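Reader: Hello! I am new to protein structures and would like a close look at one part of this one. Could you walk me through a pair of neighbouring strands and the sheet around them?

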Amino acid sequence: MSDSDDDYSATVLGSHWFSGPQQTPQQTRVQPQEAVPDRVEGSVLRFGPGVTAAMPAPFPVVAEPVPRRRLGEWRRYTLAAVILLAVLAYLAWQRYGPALEVRDVTVATADPQGPGCDSTADVVAVVRTNGRPGTLTYRWLRSDGTRSEQLTERVPRGRKEARLHLLWTFQGRGTYGAEAKLQLVSPGQRTAATQFTYRCAG
């Protein structure tokens, strides 16, 4: 090394070597001031066009308590369901419940004195039932040896009594002891009869 090398010492570097090149006046920019929101929408503060920043709400948000009505609503719905089931059960019983049943049968004439000369006796059979809808099947038997064909009577729902009529006409003079009998074919088999006297003296 030369003598000039022995006289070498470290050169103190300027501060610009550490902080980088200084900015020219054209590169100098104005430092932004504290940002201020241009509008407020609810609890969200918006800064400038297209930039959205969510800021804390200025006041705490408290959820409203839910009314405790579930128990009352449940009871109301339960009561409605019970009523509906009861109505459906009643309708099902009316439609598919017990069949028509005959409880009692009686036969009598409308005029206890019996028919007069050349008149007609009205014989009435009263059939009592359980009130269920159905059809009565029956025939009339007379003491003069005649019988009617098989007849039917429709009984509507709720009616617990059916009246069946036999009109028996008499002619001529004399006295005749008569008997009219109702023979119930269905439902069940029952018979009931009545006796009366036809009188014609003149």
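Author: Glycine 177 stands opposite threonine 197 in strand 10. This is a predicted model, where local features need pLDDT of at least 70 and side-chain atom pairs count only at pLDDT 80 or more, while totals for chains, interfaces and linings use all residues. Residues are numbered from 1 along each chain as its sequence is written, and side-chain values use heavy atoms, with hydrogens and water left out.

Strands here are DSSP runs of E with at least two residues, numbered from the N terminus. Strand 9 and strand 10 run antiparallel and are joined by 11 bridges; two strands count as paired if DSSP finds at least two bridges between them. They form a hairpin with 3 residues between them, and in that turn glycine 188 has a positive phi of about 75°.

An open sheet of 4 strands has the order 7-6-9-10, with antiparallel pairing. Its edges are strand 7 (151-155) and strand 10, each pairing on one side only. From one strand to the next, the twist averages 25° (axes are lines fitted to C-alpha atoms, and angles run from 0 to 180 degrees between N-to-C directions).

At the other end of that order, 5 bridges join strand 6 to strand 7, again antiparallel. There, tyrosine 138 has leucine 151 in strand 7 as its bridge partner. Leucine 151 also turns up beside leucine 136: leaving aside neighbours within four places in sequence, leucine 136 is in contact (heavy atoms within 4.5 Å) with residues including Leu151, Val155, Leu184 and Pro187.
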